[in-house]
Amino acid sequence: MANKDRKEHLKVKEQLKAFQNMAPSDRKFIPTIKELMENLSEHIKEEENDDLPKLEAALSEEDSESYAKSFGRTKMFVPSRSHPSAPDKPPYETAVGLLAAPIDHLADLFRKWPDTAGMPNPSTE
């Protein structure tokens, strides 16, 4: 199950990498986001309907709550950009993620979003 998830995650990472470098005017923009959303939706459904119930059944309530809290704390150390060439298994996945996350989060602060309507543009003022 973990290997299947890793394979699906890699496919989504590769699609995200391609998508995050596209401009909305790119002719592949809409087809790429549609395919990405289809793959993500299918993967999320599988995790919610199959994987997570199996995991929850195997854990005690105390362990489940502990892992949920740990996961919540871990999210701040996860990269916000796709890195499909990064390792996908511990401990290397963790180490590379810890190095990439702060750089990604800093880049996010300076990234321009496609929809800047209503925002002042210093170059036109």
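**Exercise 1.** Leaving aside its neighbours within four places in sequence, which residues is V12 in contact with?

*Solution.* Before we start: this is a predicted model, where local features need pLDDT of at least 70, side-chain atom pairs count only at pLDDT 80 or more, and totals for chains, interfaces and linings use all residues. Residues are numbered from 1 along each chain as its sequence is written, and side-chain values use heavy atoms, with hydrogens and water left out.

Step 1: find V12 in helix α1, which covers residues 2-20. (Helices are DSSP runs of H or I with at least four residues, strands are runs of E with at least two, and both are numbered from the N terminus.)

Step 2: look for contacts, meaning heavy atoms within 4.5 Å. With those sequence neighbours set aside, V12 touches L36, N39 and L40.

Step 3: L40 sits 28 residues from V12 along the chain, yet their C-alpha atoms are separated by 7.1 Å.

**Exercise 2.** Which residues gather in a patch of negative charge on the surface, and which helix gives the most to it?

*Solution.* Step 1: know the rules. Patch residues have over 30% relative accessible area and no salt bridge; like charges are joined within 9 Å, and nonpolar side chains (Val, Leu, Ile, Met, Phe, Trp, Tyr) within 5 Å. A salt bridge puts a side-chain nitrogen of Lys or Arg within 4 Å of a carboxyl oxygen of Asp or Glu. Asp and Glu count as negative, with the charge placed at CG of Asp or CD of Glu.

Step 1: list the members: E56, E61, E62, D63 and E65.

Step 2: pick the helix. Helix α3 (residues 61-74) gives the most, with four residues.

**Exercise 3.** How many helices and strands does the protein chain have, and how much of it is buried?

*Solution.* Step 1: count four helices and zero strands. From the N terminus, that reads α-α-α-α.

Step 1: of the chain's 125 residues, 14% count as buried.

Terms used
Areas by Shrake-Rupley, 256 points an atom, 1.4 Å probe, with all protein chains shown as cover. Buried < 20%, exposed > 50% of the residue type's maximum accessible area, 1.4 Å probe, protein only.
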